[in-house]
Amino acid sequence: MTAILLIRHGENDTVGKYLAGRQPDIHLNANGQRQAHQIVDLLKSIPINAIYSSPLERAIETATPLSLERNLPIIEQEGLIELDYGEWQGVSFKDLRKLKKWKELQDRPEETHFPGGETMVGAQIRVYRQIDDIAARHQETHITACFTHNDVIRLAVAYYLNMPLNDIHRLAVNTASITAVFLS
């Protein structure tokens, strides 16, 4: 089995405040930088064979300490990028909670289409195809690190657990957390 470590980027100043989405130039804050170095310590006894990342700065910055410590390049993968939240990108969670469509996302994510963005179903397909592709590039004994985002990880975990997409909000993914999936 190939082990894929899905690692959420470290903390930045947007976390919990607004939906950053695919906005460029969102960088780790001081705590996020500490978290990125803690990941290196947590994985020190794990033989990582490759490092993949979302192309967004906050994911690459989280992957960089591990890349430098292991002397492995960071391979950017578009399929690991954050969801396309369309018109919701950059909107505060306070304002989003007022929207009827936000309630739909909470109650029936499977039916959600972000205004001007992608659907949850489409995003999940993109994510699991990318992860399956990464796993196919490596031997069964390999352990691969993929640095990505909260909803990307939740969509992947729901898929690999065969969990209904409407139950995705039961999953929590903290900043700099590591979630392992094993693919054969």
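Predicted model: local features only at pLDDT ≥ 70, side-chain atom pairs only at ≥ 80, totals over all residues.
User: Let's begin with the pocket. How much space lies in the largest pocket?

Analyst: The largest pocket holds about 510 Å³ of space.

User: Which residues lie nearest its centre, and how many line the largest pocket?

Analyst: The lining has 25 residues. Leu19, Tyr85, Phe93, Asn150 and Asp151 lie nearest the centre of the largest pocket.

User: What is the make-up of the lining by class?

Analyst: Count by class. The lining of the largest pocket has 10 nonpolar, 9 polar and 6 charged residues.

User: Next, the rings. How many aromatic pairs does the structure hold?

Analyst: It holds 6 aromatic pairs. To read one, check two values: the distance between ring centres and the angle between planes. Take Tyr85 and Phe114. Their ring centres are 5.0 Å apart and their planes stand at 85 degrees, an edge-to-face pair.

User: Where do Tyr85 and Phe114 lie, and what does the pair tie together?

Analyst: Tyr85 lies in the loop between β3 (74-76) and α3 (93-96). Phe114 lies in the loop between α4 and α5 (120-136). The pair therefore ties together parts that are 29 residues apart in sequence.

User: Are Tyr85 and Phe114 buried or exposed?

Analyst: Use the cut-off: buried means under 20% relative accessible area. Tyr85 has 2% relative accessibility, so Tyr85 counts as buried. Phe114 also has a relative accessible area of 2% and is buried.

User: Why is the pair of Tyr128 and Tyr159 called stacked?

Analyst: Planes under 30 degrees apart count as stacked. The planes of Tyr128 and Tyr159 are at 0 degrees, so this pair is stacked. The ring centres of Tyr128 and Tyr159 are 3.8 Å apart. Tyr128 lies in helix α5 and Tyr159 in helix α6, so the pair ties together parts that are 31 residues apart in sequence.

User: What about the accessibility of Tyr128 and Tyr159?

Analyst: Tyr128, at 18% relative accessibility, counts as buried. Tyr159, at 34%, counts as partly exposed.

User: Which residues do ring pairs link into a cluster?

Analyst: The cluster is made of Tyr85, Trp88, Phe93, Trp102 and Phe114.

User: Now charges. What is the general idea of a salt bridge, and how many are there?

Analyst: Side chains of opposite charge can pair when their charged atoms come close. The count here comes to 9 salt bridges.

User: Which atoms do I check for Lys98 and Asp95?

Analyst: Check the closest N and O atoms. In the salt bridge of Lys98 and Asp95 they are 3.6 Å apart. Lys98 is exposed, at 61% relative accessibility. Asp95 is partly exposed, at 38%.

User: How far apart are the closest N and O atoms of Glu111 and Arg108?

Analyst: They are 3.0 Å apart, and Glu111 and Arg108 form a salt bridge. Arg108 is partly exposed, with a relative accessible area of 34%.

User: Where do Arg154 and Asp151 lie?

Analyst: Both lie in helix α6, 3 residues apart, which is about one turn of the helix. Arg154 forms a salt bridge with Asp151, with the closest N and O atoms 2.7 Å apart. Arg154 is buried at 10% relative accessibility. Asp151 is buried too, at 11%. Elsewhere, salt bridges that share partners join Arg22, Glu118 and Arg126 into one network.

User: Last, strands. Which residues of β4 sit on each side?

Analyst: In a regular strand the side chains alternate between the two faces of the sheet. In β4, Ile143, Ala145 and Phe147 are on one side, and Thr144, Cys146 and Thr148 are on the other. Both faces are covered. In β4 (residues 143-148), 6 of 6 residues are buried.

User: In what sense do β1 and β2 pair with β4?

Analyst: Strand β1 (residues 2-8) pairs with β4 in the parallel sense over 6 bridges. Ala3 stands opposite Ile143 in β4. Strand β2 (residues 48-53) also runs parallel to β4, joined by 5 bridges. Ser53 stands opposite Phe147 in β4.

Terms used: Residues numbered from 1 in each chain as written. Heavy atoms only, no water. 1 Å grid on protein atoms, 1.4 Å probe; cavity = no way out; pocket = protein on both sides within 12 Å on 5 of 7 lines; lining within 4 Å. Points joined across faces, edges and corners; volume = space filled by probe spheres on them. Nonpolar A, V, L, I, M, F, W, Y, C, P; charged D, E, K, R; others polar. Phe/Tyr/Trp six-rings, centres within 6.5 Å; stacked < 30°, edge-to-face > 60°. Helix = DSSP H or I, 4+ residues; strand = E, 2+ residues; numbered from the N terminus. Buried < 20%, exposed > 50% of the residue type's maximum accessible area, 1.4 Å probe, protein only. Salt bridge = Lys/Arg side-chain N within 4 Å of Asp/Glu carboxyl O. Pairing = 2+ DSSP bridges.
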